[in-house]
Amino acid sequence: LFSIAVRGEVSFRNSGNELVLRRTIGVDRRFSLFEKDLYVVVEYQHDPFGAFNAEQYEKVLSSKHFIRSELQTLGEDEMVAQGSYQLHPLANISFLWLTNLSDGSNLVSPSFSYSASDEVAVVGGIFLGAGEEGVGYSRQLRSEYGSVGATAYLSISVFL
């Protein structure tokens with residue numbers, strides 16, 4: 001048999017005259033694949049403070065919850081899958097897939113990490129958004145991740 005971890009988070013918020021239930025549930029599992037570690041996480045989040053569809057984004061972006069940085073994402077329903085695989089004791093590759101179930105947009109991010117020495121770590125990757133892009137002169141938001149361009153990053157950390 002195998003083991004799997006299940007986690008959840010629930011919060012109740014009083015929003016005006018309404019009690020709002022925000023919730024997240026996730027599972028994760030570590031596998032052995034080709035004698036190396038593969039770690040996988042899948043999570044679902046429902047947040048009624050988020051937008052039910054793209055037409056509600058303007059309202060969400062001007063909400064007190066967004067202004068106070070209480071939202072992790074713009075959508076009401078979001079899923080994430082993340083995996084990391086150990087290529088070598090010093091090198092890992094990872095993959096992140098975040099999807100807004102309300103508008104169908106996605107954000108993917110493959111990445112790598114390498115421990116160059118006891119004092120130097122190198123991490124790099126790219127973020128790619130997919131979905132309907134903004135429209136019109138004002139670039140009205142049509143999806144959460146559709147207007148996200150390709151963004152690459154490289155980080156070199158030196159520990160003294």
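Ser109 sits in strand 6, where strands (E, at least two residues) are DSSP runs numbered from the N terminus. The model you are looking at is predicted, so local features need pLDDT of at least 70 and side-chain atom pairs count only at pLDDT 80 or more, while totals for chains, interfaces and linings use all residues. Residues are numbered from 1 along each chain as its sequence is written, and side-chain values use heavy atoms, with hydrogens and water left out.

Let's begin with the partners of strand 6. Strand 6 covers residues 106-115 and runs antiparallel to strand 5 (residues 91-100), with nine bridges joining them; two strands pair if DSSP finds at least two bridges between them. Here Asn92 stands opposite Ser113. The two strands form a hairpin with five residues between them, and Gly104 in that turn has a positive phi of about 80 degrees. Strand 6 is also joined to strand 7 (residues 120-130), again antiparallel, by eight bridges. Four residues lie between strand 6 and strand 7 in their hairpin, and Leu107 has Gly129 as its bridge partner in strand 7.

| Strand pair | Bridges | Residues between the strands |
|---|---|---|
| Strand 5 and strand 6 | nine | five |
| Strand 6 and strand 7 | eight | four |

Is Ser109 buried or exposed? Ser109 is buried, because its relative accessible area is 4%; buried means under 20%, exposed over 50% and partly exposed in between, using a 1.4 Å probe and protein chains only. Beyond its neighbours within four places in sequence, Ser109 is in contact (heavy atoms within 4.5 Å) with Ser94, Phe95, Leu96, Ile126, Phe127 and Tyr153. The Ser109 side chain also reaches the backbone oxygen of Ile126 at 3.0 Å.

Now for a residue in another strand. Glu9 belongs to strand 1 (residues 5-15) and counts as exposed because its relative accessibility is 55%. Leaving aside neighbours within four places in sequence, Glu9 is in contact with Arg22, Arg23 and Thr24. From Glu9 to Tyr44 the C-alpha to C-alpha distance is 11 Å, with 35 residues separating them in sequence.

Finally, the largest nonpolar core has nine residues: Val20, Phe49, Ala51, Ala54, Tyr57, Val60, Leu71, Leu74 and Leu141. Such a core is a set of buried Ala, Val, Leu, Ile, Met, Phe, Trp, Tyr and Cys residues joined through side-chain atoms within 4.5 Å. Ala54, a member of this core, touches Leu141 and Arg142, not counting residues up to four places away in sequence.

Definitions and conventions. A polar contact is a pair of N or O atoms within 3.5 Å; within protein, one must be able to donate a hydrogen and the other to accept it, and residues adjacent in sequence count only if both atoms are side-chain atoms.
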